[in-house]
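Subject: Structure handover

Hello,

Here is the structure I said I would pass on. Please open it before you read the notes below.

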Amino acid sequence: MTITDPTTLSGLDLIRWVQSEGPTDVPTIGRLLGMRFDEVDPGRVVVSLDTRPDFANPLGTVHGGIAATLLDSAMGCAVHTTLPAGVGYTTLELKVNYIRAARTDGQTLSAEGTVLHAGRRTATAEGKVLDEQGKLIAHATTTCMILRADG
């Protein structure tokens, strides 16, 4: 699929396009961190990344902001998959619970975001980050504001 104007695609089609094409010419947080879209379904998205030493906090484990960014991305993109063309969203609230530390040695962290409610003005979602062994690293909820041109 050739994309000329992303506002003409539904949220699901846009996220699937990013998943399949992996555009590298557009600067995004996903590109910066090396995120991948592993699964994209209506109301559900799984993203992953491989940890690296640059992700370390002063204690030498993965900084909590990496897990929070994975969760914000997975949950926000899950919300985006429910939106029609030309409609956007922004995160209003993000609540993260950290369960255990993650290593910076190249292990894969996966975040799953699932929509709980998709309304006209707001949407809510939940998410979790797992390590390669399936151990829970963090979980979260979000509230997103839906941005419609017609208000």
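This is a predicted model: local features need pLDDT of at least 70, side-chain atom pairs count only at pLDDT 80 or more; totals for chains, interfaces and linings use all residues.

Residues are numbered from 1 along each chain as its sequence is written, and side-chain values use heavy atoms, with hydrogens and water left out.

**The annotated domain**

UniProt, in an unreviewed entry, places the feature "domain: Thioesterase" at residues 60-137. UniProt positions are in the numbering used here, feature names are shortened, and annotations may be inferred rather than shown by experiment. Over residues 60-137 the chain is 22% helix and 42% strand. The end C-alpha atoms of that stretch are 15 Å apart. Helices (H or I, at least four residues) and strands (E, at least two) are DSSP runs, numbered from the N terminus.

**The largest pocket**

The largest pocket holds about 690 Å³ of space. Its lining has 24 residues, and V18, T28, G30, F37 and C77 are the closest to its centre. Which elements give two or more residues to the lining? They are helix 1 (11-21), helix 2 (29-33), strand 1 (36-41), helix 3 (64-80) and strand 3 (88-98). By type, the lining residues are 11 nonpolar, 10 polar and 3 charged.

Some terms. A pocket is an open set of points on a 1 Å grid over the protein atoms alone, where a 1.4 Å probe fits, with protein on both sides within 12 Å along at least five of seven lines; lining residues have an atom within 4 Å of a point. Grid points are joined across faces, edges and corners, and a volume is the space filled by probe spheres set on the points. Ala, Val, Leu, Ile, Met, Phe, Trp, Tyr, Cys and Pro count as nonpolar, Asp, Glu, Lys and Arg as charged, and the others, Gly among them, as polar.

**Helix 1**

G11, L12, L14, I15 and W17 are buried in helix 1. Buried means under 20% relative accessible area, exposed over 50%, and partly exposed in between (1.4 Å probe, protein chains only). Strand 1 and helix 3 are among the elements that cover these buried residues. Just after helix 1, G22 takes a positive phi of about 50 degrees.

**N57**

N57 is in the loop between strand 2 (44-50) and helix 3. N57 counts as buried because its relative accessibility is 18%. A polar atom of its side chain lies 2.8 Å from the backbone nitrogen of L59. A polar contact is a pair of N or O atoms within 3.5 Å; within protein, one must be able to donate a hydrogen and the other to accept it, and residues adjacent in sequence count only if both atoms are side-chain atoms. Beyond its neighbours within four places in sequence, N57 is in contact with V62 and H63. Contact means heavy atoms within 4.5 Å.

**Q107**

Q107 is in the loop between strand 3 and strand 4. Is Q107 buried or exposed? It counts as buried, because its relative accessibility is 3%. Its side chain reaches the backbone oxygen of R103 at 3.5 Å. Leaving aside neighbours within four places in sequence, Q107 has contacts that include L49, D50 and T51. Q107 and R52 are 55 residues apart along the chain, yet their C-alpha atoms are separated by 8.1 Å.

**Strand 4**

- T108 lies in strand 4. At 22% relative accessibility, T108 counts as partly exposed. The side chains of T108 and D50 are joined by a polar contact of 2.6 Å. T108 and H80 are 28 residues apart in sequence and 24 Å apart in space, C-alpha to C-alpha.
- A111 lies in strand 4, which covers residues 108-118. A111 counts as buried, at 0% relative accessibility. Not counting residues up to four places away in sequence, A111 touches several residues, among them V45, V46, V47, L70 and L71. The C-alpha atoms of A111 and D72 are separated by 9.3 Å.
- H117 is also found in strand 4. H117 counts as partly exposed, at 40% relative accessibility. The side chain of H117 reaches the backbone nitrogen of G119 at 3.4 Å. Not counting residues up to four places away in sequence, H117 touches T122, A123 and T124.

Best wishes
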